[in-house]
Structure formats: structure tokens, C-alpha cells
Amino acid sequence: MSNRRFSRVDAAKVVLVMLLATALGILFASLGFPETNIVLVYLAAVLLIARYTHGPGYALAASVLATFAFNYFFTDPRFTFEVSDTSYLITFAIMTFTAIFTSTLTAQIKRSARQALARERDTQALYQLTNRLSDAQSMEKIGTAALGSIGQTFGCDAALLFLTEKGEAERSYLQVGSALAQMERRAPDREIDAELPEELMLVPMDAKLIVQMLVNLLDNAVRHTPQGNEIKVCVEKRDGKAVFSVLDRGEGIREEDLPHLFERFYTTRGKCADAARSVGLGLSICDAIARAHGGSIMAQSREGGGAIFTFELPMEEEKQ
């Protein structure tokens with residue numbers, strides 16, 4: 001109804017409310033209340049249906065049902081659809097018109113409220129995007145700000161494709177930008193720097209898996225790096241491979257834990273923060289993704305404190 005799929009829940013609401021209105025009308029009739037009170041009960045029922053169902057069709061159906069129910073239960077002869085008094089025809093017409101008018105008006109008010117809420121969300125998203133862009137000092141940060149706003153506005157994961165002057169895709173930007181956008185939604189109070197190459201890097205990959213891999217590593221860095229310390233993702237070309245590195249300034253990794261970090265459910269007994277990096281499946285999943293792409297992943301402590309997680313992927317051979 002009204003470009004919406006039929007809803008059994010809304011149909012059940014119509015039936016239930018009309019039954020309750022009829023039961024209340026029978027009670028009023030037994031108490032000697034005038035028929036106008038019963039008509040008002042049905043009008044109130046139509047308004048409730050218009051308010052709590054999706055689409056005006058249910059309220060319109062309720063308007064017709066209310067008229068027939070009033071005729072069947074409360075006009076002589078009872079329990080038939082015959083009309084002995086022609087004056088009731090005017091009552092039915094006014095009742096139907098009033099019910100349809102009020103239900104349509106209620107539906108319009110609901111639609112206007114939804115549109116106002118959508119405009120408010122769009123305005124808020126635009127305001128946040130403006131603030132983020134005013135602080136952006138590089139193309140990567142501009143792209144990250146745009147991705148975050150798009151994802152927030154449409155409630156989805158968005159990816160960004162940078163093009164070269166020749167119109168070719170900067171694939172490294174695509175994956176890193178999407179991962180950074182996800183991290184901005186997860187940890188909006190943390191700043192993550194990015195160093196990306198200027199030249200085109202063609203890397204055969206499953207985009208979703210690589211983005212998930214980067215998100216896992218960045219999330220790991222955020223959880224184990226004190227607020228205000230550096231977190232950075234770097235991409236470079238080295239010996240025919242694309243090398244992705246996630247660097248942080250956490251407490252580093254104990255030497256005896258390094259060989260076991262990518263094992264499933266490996267748990268260290270150390271007290272340092274980064275010793276718990278391997279708990280769960282996050283890093284083992286990263287290892288599996290890298291191997292599935294013909295690459296590898298490794299971890300090491302960073303000079304001056306912190307850790308570096310690096311994974312390499314074979315690049316696409318350049319055509320001669």
C-alpha cells in the first residue's frame with residue numbers, strides 16, 4: 001500500500017483495533033449512550049490505525065470497515081447491511097468522509113515528520129563534513145572525511161577511488177581510505193596518519209578482505225596504544241610487492257611472543273599491553289587473508305617503543 005509491501009502486522013493491527021472499537025461500541029449501546037458516541041469511537045480507532053501503521057492504505061481500509069461495522073451492529077435492522085432509515089445514509093457518508101479525511105491528514109503529518117528528520121540528519125552530516133574538511137591537510141584526510149560522512153548518512157560502508165591524471169585507479173588509496181573511514185567511525189577520538197605512494201600500484205586483491213585486514217590491524221593498534229600516541233598506516237612498493245605497514249607507539253611486543261602472535265587463541269603471560277594482541281582470532285584471520293593472496297604478514301617491536309605489523313601482497317605485473 002502506498003508503494004509499500006503488504007504487512008501482516010499492520011493488517012492485524014487494523015483487525016484488532018476495529019474489534020476493540022466494536023466491543024466498546026456495544027458496551028456504549030448497552031449503557032444507553034447515543035449513537036454519536038459510537039461514531040466517535042470508530043473515528044478514534046481510524047486515527048489510531050493511521051498513526052501506528054505504515055502507509056495510508058490501512059487507514060483507508062479501516063474507514064470503510066468502520067462504516068460497515070456501524071451499519072451492521074448499531075443501526076436497525078441489526079446484524080444486516082440493510083438500511084431502513086434513509087437518514088442513516090447521510091450519517092454513513094459523513095462518517096466515511098471524516099474518517100478518510102482524518103486518516104489522510106494523519107498520514108501527511110507522519111510523512112512531513114519523517115522528511116523533517118531526514119533533513120535534520122542531512123544538515124548534521126553536512127555540518128560534520130565541513131568541520132572535518134576544514135581540518136584536513138592532505139588528499140588522504142579529505143577522502144577519509146568524505147567516506148565517514150557518506151557512511152554515516154547512508155548507513156553503509158563506503159569506499160573511495162582516487163584516479164590518476166590518466167583516469168586510472170589508485171588502488172592503494174581505495175583500500176586504505178575505506179579502512180580509515182571505518183576506523184574513524186569506530187574510534188572518532190583517535191587520529192590515524194597515512195603515508196601513501198604517489199605512483200599507481202596495481203594489486204590483485206579481494207577488496208573486502210584487505211579492508212577487513214587493515215581494520216583488524218588498526219583496531220588492534222588503537223586498543224593497545226595510549227591516547228595521543230602515534231598510529232600510522234604506510235603503503236610502499238618494494239621488490240615487486242605492495243607493502244602495507246601499521247605502526248603504533250604502544251608498549252611493544254615481547255621477543256618470546258613474536259613467533260606465536262598469529263596462532264589461533266594464543267595467549268601470552270606477559271604484563272605489557274601488546275602482549276594481549278594475539279588473544280582471539282583477529283591476527284590469525286589477518287595471516288589467513290595474507291596467505292590467501294599469496295602474501296605474508298609479520299610483526300616486530302618498533303624502535304623507540306611500539307609495534308609494527310607488516311603484510312606484503314604481490315603486485316600485478318606491468319604490461320610491456
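Me: Is Lys 232 buried or exposed?
Reply: Lys 232 counts as buried, at 14% relative accessibility. Buried means under 20% relative accessible area, exposed over 50%, and partly exposed in between, with a 1.4 Å probe and protein chains only. Keep in mind that this is a predicted model, where local features need pLDDT of at least 70, side-chain atom pairs count only at pLDDT 80 or more, and totals for chains, interfaces and linings use all residues. Residues are numbered from 1 along each chain as its sequence is written, and side-chain values use heavy atoms, with hydrogens and water left out.

Me: OK, which residue forms a salt bridge with Lys 232?
Reply: Glu 230 does, with the closest N and O atoms 3.7 Å apart. A salt bridge here is a side-chain nitrogen of Lys or Arg within 4 Å of a carboxyl oxygen of Asp or Glu. Glu 230 itself is partly exposed, at 27% relative accessibility.

Me: How many salt bridges does the count come to?
Reply: By that rule, 13. One of the others pairs Glu 236 with Arg 238, whose closest N and O atoms are 2.5 Å apart. Glu 236 is partly exposed at 36%, and Arg 238 is partly exposed at 35%.

Me: Switching to the core. How many residues has the largest nonpolar core?
Reply: It has 39, and Leu 218 and Phe 309 have the most contacts inside it. A nonpolar core is a set of buried Ala, Val, Leu, Ile, Met, Phe, Trp, Tyr and Cys residues joined through side-chain atoms within 4.5 Å. The elements giving two or more residues to this core include helix 6 (171-186), strand 5 (241-248) and helix 8 (282-292). Helix 7 gives the most, with nine residues.

Me: What is Leu 218 in contact with?
Reply: Setting aside neighbours within four places in sequence, Leu 218 is in contact with Ala 179, Leu 180, Met 183, Ile 192, Ile 231, Val 233 and Val 246. Contact means heavy atoms within 4.5 Å.

Me: What about a second core, what does that include?
Reply: The second core is separate and has 22 residues, among them Val 39, Leu 43, Ala 69 and Met 95.

Me: Back to helix 7. How many residues has it, and how far does it reach?
Reply: Helix 7 has 17 residues and reaches 24 Å from its first C-alpha to its last, close to the 24 Å expected at 1.5 Å a residue. That expected span is 1.5 Å times one less than the number of residues. Its buried residues include Ile 210, Leu 214, Asn 216 and Asn 220.

Me: And what covers the buried residues of helix 8?
Reply: The cover includes helix 7, strand 6 and strand 7. Among the buried residues of helix 8 are Leu 283, Cys 286, Asp 287 and Ile 289. Helix 8 is followed by Gly 294, with a positive phi near 75°.

Note on methods
Helices (H or I, at least four residues) and strands (E, at least two) are DSSP runs, numbered from the N terminus.
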